[in-house]
Amino acid sequence: MTTSAARPLPSTHGPELDERLVVCDRASRTFGHGSLAVVAVHDASCAVTARSRVALVGPSGSGKSTLLQLMAGLDSPTSGSIVWPTWETGPFQDPSRAGVVFQGLSLIPSLTAAENVAFPLLIQGLSHDVAIAQARESLDLLGIGGLGDKVPEELSGGQAQRVAVARVVSSRPKLIFADEPTGQLDRVSGDRVIDVLLDAADHLGAGLVVSTHDATVAARLDVTWRMHDGELVVAA
Amino acid sequence: MIWLWLVGLVRRSPTRLLAAAGGIAIAVALVAGLGSFLVSSQATMTQRAAAQVAVDWQVQVAAHRSPGSVLKAVGSAPGTRTAVPVGFADSPGLRATTAGTTQDTGAAKVLGLPPGYADTFPLAIRVLAGNVNGAVVAQQTAANLHVTPGDRVRVARAGLPPYWVKVVGVVELPQADSLFQRVGAPTQSQPVAPPDNVILLPASRFNTEYAGLARTRPDLVTTQIHVVRDHAGLPSDPSSAFTAETGAANNLAVRTSGAAVVGNNLGASLDAAREDASYARILFLFLGAPGALLAAALTAAITQAGAGRRRKEQSLLRARGSTPAQLLRLVLVEAAVVGALGGLIGLGVAAVIGAASSWPWDVAAAVAGLLVAALVVAVPAARDLRTVAAGESARALQHTRPVWMRFGLDVVLIALGLAVFWASGRNKYSLVLAPEGVPTISVSYWAFLAPALAWLGCGLLCWRIADTLLFRGRRVVAFASRPFLGPLSQTVASMLMRQRRLVSRSAVLVALALAFAVSTATFNATYRQQAEVDAQLTNGADVTVTESPGANATPADGAPIAAVSGVQAVEPLQHRFAYVGNDLQDLYGINPDTISRATTLQDAYFQGATASESLAQLRSRPDAILVSAETVNDFQLNQGDLIRLRLQDAKTQTYKSVTFHYVGIVNEFPTAPKDSFLVANADYVAQQTGNAAVGTFLVSTGGNNVSSVADQIRSVVGTTGSVGTIDDARGLVGSSLTSVDLSKLTRLELAFALLIAAAAGGLVIGLGLAERRQAIAIATGLGATRKQVRRFGSAEPAFVLLVGTLGGLSTGWGLSYLLVKVLTGVFDPAPTGLTAPWGYLVALVACTVAAVGLAAIVVIERARRHARTLLRAI
């Protein structure tokens, strides 16, 4: 096992803690038309700040992933609005604004862990050497520096998901969205991933929204938003 | 369970299933189409071989036996349509007195023809002047005696007084060799040349003049039964037709108890066609087998593109309790569905394009499709089943260096191919050996190994190059792709390095498909070019004006022809006869400075020198002469030797000795016969003989509007000359080159080659990328712009295209060289070099690039648009 112990992440200067990074105002997302229309998210209103540590819970098909993608700017609402007050446009296509940890094993199979982590940085135009150095730094920070030269096929599910978190961290985003990050992991690996996510959010001073149907995971976050049949219930 | 699996397969992977069936369909359609070509071309060859025979059987009636009973036996023989008696008599000589001079000839042949003979055997007699309703003389006899229709000829008889006949026509006997054969004698005992002096009489006159002689000297007067056989009833394959005709002839000989000896001209012609039929089979193998193999490889690649998904499914089913036997059944069902679907589509395609006319081949193609499906679909899946069962990592397979590469199989195959090529060259690439008269025929199929091994070796070498480039040369790949990929270039190079086995395999498939297409197209273009050369060689030029005997046209008579609209050049060509020793040969007088303006002279026409060098040698001295290789051997000539020929003097009409200097060897020349002939300077010949008469005017139209220009020339020359065109010659040339009609095969091959190349590029890239669309979706999910995603996704197709195209074009060109060399026997004359079909090649590359580009764009854009869904499904 090449995984090393995670170092505590030092806190960094981020946006004002109460600054609202994303605001949903009666946002809805409907797929399809007419009788085939499926309302995935209905009139969702919420806001995420840099202080937020949100667990978005609900059964499968309740609309968690859709709402997450709306807030990340990966998708657009069919009604209502979603705004990112800090930025003029949505955070999508700018990994330094928002990073998404996807549901499954979202690493590019034929790239090493370090190359996967460096990929968003390369997209941003950083040179290869700088991006790789920064990626290795992120992997070290998450205690998985020894995995840098391995390809995803050689990683366990937990290791791969931590590499995916490192990929988000490497861009130093202000918002982190994690879509069922522990869904395919055992308890221990899942706990480690949540540890890493919380440390990363603290370190970056970023808002964190984690969708999950696991109550144990939800309990480790500050607030829990519940979704049911596309309806969002935000705790006071 | 099988039904559920099948429904799931159709619902979840219809594209992959259809693509695999499409690969099988290409193989089936190709094999069915080529089989149809083979059957139809063999039938064409049989019919053409039969159609070009003037007299199918010449049945010699033995001395002292009744011609009537033999005629009856021949007439009742199965397959006989018409049988007529023809009298043959020997004459000590002919004499004619014209324009105050008397000409005597040596021994002559006199034939007695029944009424309507010229109509019954239209290829036996061609009327040059007058008609055939009386005594007619052969062309050379007319020249020897200086007679024209209306003149009288005295015919001498052995032991009897001569008789006189009035000439009513001058004819050509196009198949005089077989007409005057020694029936039943072996080849080496046959006359070297047909008689120079021939006179044809109506049967009634012949009987009157020779009835007495037949009784006293039966050795001088004989009877032959000339027979027309039923060609429609011949088996379609020349070998079978030859066997059938030989059997029928033998049967007649037995039934007549030795009274008849059959000169089987039809059998001899079919005998020669057997060689062409063998070449047709060779072409089928050379040009068809790689296409079918490629289609199978394409199906294998398509199947392989889904290997990862299949392994996952098999693992899942195993985890849920399925036994290996159950999984194997599912695999076999998938193979059967792919094979059956591919077979049906393939036969449907073949029927639509009119290439499914032979049901045995259709059935064989369909069965082959099922076998290929079993081989490329079931076998890999069953192998995966073992690896899944053994828990072997797919990645371990992926990154293992292929065994063949470690052992240098590519280099070994190429070396073996070249060795076989060298060995075939020592045998002058004679692939087909059809001993005359012997039913067996031998084909040197091992010569196929040269291009086959080279093709496979080059394909593997292409794999090695791609692999090496991606592995050891990834810095070069990164540097080269930097202008397009920017900072991503090194990462993409690393990605390709790790996918190199799949990428290299795709590049190899594209290279092999392109090599097949290029070599087929180049071979076909060279073949067409040589067919054109053959036609021009036969006709002489685009248009030729052959002056009638006695017309005495001069070079100045070419001026009115040159004035015809559309005529680019006119070249006078002298045609004389010259005695080389006792051998009468055709002599062509040319102007070496201008001959090339009106006709094409290929290097292959000459031996030991190029066409331009040979013409320069001819220019080097006025009395220079080019002679045939046979003459050089017969007379042991060395370059520069003085030779004396006997040419007819215009004033004295007698043959006089003229000196020439031998400067080179000529094998072929426009309008010249296949056997020995001579080429000299026209001015020198005119000066020495006092006669500048032109035999033929060669007319170039630049290949344009040949028939309309010919029509205009006909109106200019009137009855003084006959006008022939290259279009007429195309239908007449009977060499092995044109008797194997490649036009249908060409269209079929080129269309399939294009399809396979485009499919290889498009499907393999499309399906391969589809398997890796996860990477494109992740790149999109991580915020890459549309441009970045497109360039990121295009790296693999671009590399495959670049290596595949370069490898395919260079391999194809090399293979073309091998093919044309190995198949030298198909060409007549042999080509000087390869003919590049530029239009097709450009279209081929364009289609492949377009197919790959389209497949890449479709997959990338779909993955980009559905990134969200794909990321959730990962």
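Predicted model: local features only at pLDDT ≥ 70, side-chain atom pairs only at ≥ 80, totals over all residues.

Mentor: Let us start with A:Asp43, which sits in strand β2 (residues 38-49) of chain A. Its phi is positive, about 50°, although A:Asp43 is not a glycine.

Trainee: What makes A:Asp43 partly exposed?

Mentor: The relative accessible area of A:Asp43 is 30%. Buried means under 20% and exposed means over 50%, so a value of 30% puts A:Asp43 in between, as partly exposed.

Trainee: And B:Gln636, buried or exposed?

Mentor: B:Gln636 has a relative accessible area of 63%. The cut-off for exposed is over 50%, therefore B:Gln636 is called exposed. B:Gln636 lies in the loop between α23 (629-634) and β20 (642-648) of chain B, and B:Gln636 too has a positive phi, near 50°, without being a glycine.

Trainee: How do you know that B:Arg498 forms a salt bridge with A:Glu115?

Mentor: The closest N and O atoms of B:Arg498 and A:Glu115 are 2.8 Å apart. The cut-off is within 4 Å, between a side-chain nitrogen of Lys or Arg and a carboxyl oxygen of Asp or Glu, so the pair qualifies. The count between chain B and chain A is 1 salt bridge, while 6 residue pairs are in polar contact, both partners being at pLDDT 80 or more.

Trainee: Which elements of chain B supply at least two residues each to the side that touches chain A?

Mentor: They are α18 (489-498), α29 (773-781), α30 (786-822) and α32 (867-873). The largest share, 6 residues, comes from α29(B). By type, this side of chain B divides into 11 nonpolar, 10 polar and 4 charged residues.

Trainee: How many residues are in contact across the two chains?

Mentor: 25 residues of chain B are in contact with 34 residues of chain A. About 2700 Å² is buried between the chains, with carbon and sulfur atoms giving 60% of that area.

Trainee: Which residues have the most contacts inside the largest nonpolar core?

Mentor: A:Met71 and A:Leu197 do, in a core of 197 residues. Helix α19 (residues 500-539) of chain B gives the most to this core, with 16 residues. Another core, of 24 residues, lies apart from it, and B:Leu537, B:Ile590, B:Ala598 and B:Phe669 are among its members.

Conventions
Residues numbered from 1 in each chain as written. Chains lettered and ligands numbered in written order. Heavy atoms only, no water. Core = buried A, V, L, I, M, F, W, Y, C linked by side-chain atoms within 4.5 Å. Buried < 20%, exposed > 50% of the residue type's maximum accessible area, 1.4 Å probe, protein only. Helix = DSSP H or I, 4+ residues; strand = E, 2+ residues; numbered from the N terminus. Contact = heavy atoms within 4.5 Å. Buried area = accessible area lost by both parts, 1.4 Å probe. Polar contact = N/O pair within 3.5 Å; in protein donor to acceptor, adjacent residues only side chain to side chain. Nonpolar A, V, L, I, M, F, W, Y, C, P; charged D, E, K, R; others polar.
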